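Please look over the sequence and the structure before reading the points below.

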Amino acid sequence: MQLQLQDLCKQYATKCAVNHVNVNLAPGIYGLLGANGAGKTTLMRMICGVLKPTSGRILLDGKTIEELGERYYSHLGYMPQDFGFYPDFTAREFMLYMAAVKGLDTKTAKERTEQLLHMVNLHEVANKKVKSYSGGMKQRLGIAQAELNHPSILILDEPTAGLDPKERVRFRNLISDFAKEKIVILSTHIVSDVSYIADYIFMMKNGQFLLDEPMETVTDGIKGKVWEFLADNREAAQYSRHFSVVNLHHENNLVRLRIVSDTAPAANAVTVEPSLEDLFLYHFGEDAQSERSDDDAD
Amino acid sequence: MMLIKYEFLKILRKKSTIIVMAVNLLLTAFLFGLPILQYQTYHQDGVIKGLEGIAYDKKQYEDLSVTITDEYVEKTITEYQNLFENPDHVGFDGNEKFLIGDAYWNFVAPRENLLGMIASVYDSPGETSGFNKLPELDMTDGAKFYPARNEKIESLLNTPSRDLSDEQKAYWRNLNSKVETPLQYGYHEGFKIIMSSFELLMFALLAVCIVIAPVFSGEYQAGTDAVILSGKYGKTKLVTAKIISSLLFGVLAFTLHILVAFGLPLAAFGIDGWNLPIQIAGATIPYPFTFLQATLANLGVIYLVLIAMIGLTLFLSAKMKSPYLVLIVLVPVLFLPLFLSPNGTTGAYNLTLFLLPYRSTMPEIGKYISYQIGGMVFDVFSIRAILYAALTIMMLPLARLGFQKHQVA
């Protein structure tokens, strides 16, 4: 199975949200990283056929969405960002409703519903109305509905947004379980969501792919550009103003700084093994730092 | 079927649905119960109100279940005129004479409606002199009730302000020729109230539209559009299910209102009159209907208006981002004509007004409103039925297309 995005564009009045994206996707987990407003959600909506591209095509095994019609959607599982539920439905009713929308027969719908509610650990509260659920429970219900039809393309848009760290880990494992032999596209601006489970990383900025690399080699491009060193508090403040600081760690009276820079930021700086977070910061700089502080605040 | 079931549940489960329906059912019960609560009739000892008054009047009608032959009319008018010969029975207010005392209570009071209907036949078009003109009626050649009725209808058709074409006149003459005479008279108060209160069903129609407004736009507002539109049947069977469940809900909810609205007057006044000709409520009415047939014909039109309005609501819902926007457009469409009055029965303004949803709930059964398209003439029932059926046929596919083409942004 192959999903091809050919020269995909989405132009709004003054903004190009997605700008000539070309990519071929085979089964695997694809982490789509980018700051808010990078075009990730727009791209995902186009892949899911709920937003029409201004130009370009999406093909599944050589056939366009338009050609495939319902057949395309039967391959699809989509968990949109911040999507609403029907507050007066119970989780079980919501799942059965979504199963009907996805064209499952009644028997299969019931079986899959029970199976998935167990998997996402909601079976004990399945008869409670969704409006009584916490954010994490709703997210789990969201991924459960996306999995109802055994989709071969699973699109998850910011699935961990608003979750606490424990819920994030749980969610990550859940996605890993679901991902076998599927094309999974997981969009996030939280690097740790994808660093453990993605096979491939896409980085998106201003509607374009800055980078698409396998996970193993994704950080190769910044090898020798990630530095660590100790500085006093006054110097640390100065470095923070001039460089992209990935991390600050206080050690006695000194601060250990981790900086991404093309050149050594200090005489005592030594290069270290780059991480995905370093790479993210390298490309997104202040955007990423401000988002990170937003997330911390959350 | 599952999709229809869940879509129906989605509508039904909302708190707003329950509130809107409950409030509106109470309002309908109040509005249609009002004629019962306010009913009052008079007899020699004073006023009798409510159900007691209804029972009294109904009893008075027992002797009036008659066939209105020319002879009967002649006999009634003569009897009425004879009562004026005794000065003890006659009062005078400076303008006209009228019966008083036993003559009034025994003869006029029980048959005021009948005398009014008989007298109306002898009025010129546009004139309403009431039964006080009967004493002056020349009875030398008999009452000639039905010839007088036909003559009045001819005058109505030839009134210049009506501006009826020859085809329209022929249409009305033909329709009127199907009215069976002599007319059968009898008690018909329940149906009379129903026939004059149809427009109160607009509130029920609005309630249905309020509940249906979020069917598509509610998905956009809640952000569930992306997830359902990316489902296999999201753009196909789901849209059909939404439309069917909306129609199903609309028709059932409206029928519930109808049961309350018609049930109350019919329970209080009885179903008497269902098989009597509508002409006993208006002698020149050209439709050959009984009260039940006229009620059903108008109700049929109202159901078509309802279905078309559901179609329009769904279309707006599919095109607009929130149910509130839908209602901002819809409420004026439904209620603006309430503030517009017709100034006749011809001309584009009047003919359009009679077709708008609010006016379309009113039977306008005695107004000779007709529409001519080429050589074809349609009465107001037919044209409304055609118009709203066409609107439905147009709106539902547009609503469907609107949701299918919706872009999640």
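In chain B, the C-alpha centres of domain 1 and domain 2 lie 37 Å apart. The model is predicted: local features need pLDDT of at least 70, side-chain atom pairs count only at pLDDT 80 or more, and totals for chains, interfaces and linings use all residues. Residues are numbered from 1 along each chain as its sequence is written, while chains are lettered from A and ligands numbered from 1 in the order in which they are written.

**Domains of chain B**

- Domain 1 of chain B covers 2-38 + 187-404, and domain 2 of chain B covers 66-183; such bounds come from an automatic or database domain assignment.
- Contact joins 16 residues of domain 1 of chain B to 21 residues of domain 2 of chain B (two residues are in contact if their C-beta atoms, placed from the backbone, lie within 7 Å).
- The side of domain 1 of chain B that touches domain 2 of chain B has eight nonpolar, eight polar and no charged residues (Ala, Val, Leu, Ile, Met, Phe, Trp, Tyr, Cys and Pro count as nonpolar, Asp, Glu, Lys and Arg as charged, and the others, Gly among them, as polar).

**Domains of chain A**

- Chain A is assigned domain 1 (3-217) and domain 2 (221-297), with C-alpha centres 32 Å apart.
- Eleven residues from domain 1 of chain A and nine residues from domain 2 of chain A make the contact.
- On the side of domain 1 of chain A that touches domain 2 of chain A, helix H8 (191-195) and strand E9 (200-205) of chain A give two or more residues (helices, H or I with at least four residues, and strands, E with at least two, are DSSP runs numbered from the N terminus).
- E9(A) gives the most to that side, with three residues.
- By class, that side of domain 1 of chain A has seven nonpolar, three polar and one charged residues.

**Contact between the chains**

- Chain B brings 23 residues to the contact and chain A brings 25 residues.
- Helix H1 (2-13) and helix H12 (225-229) of chain B each supply at least two residues of the side of chain B that touches chain A, and H1(B) gives the most, with five residues.

**Helix H15 of chain B**

- The 13 residues of helix H15 (residues 323-335) of chain B should span 18 Å at 1.5 Å a residue, and the end C-alpha atoms are 18 Å apart, which agrees (the expected span is 1.5 Å times one less than the number of residues).
- Pro323(B), Val326(B), Leu327(B), Leu330(B) and Leu334(B) are the buried residues of H15(B) (buried means that 20 or more other C-beta atoms, placed from the backbone, lie within 10 Å of the residue's own).

Methods
Buried ≥ 20, exposed ≤ 12 C-beta atoms within 10 Å, placed from the backbone.
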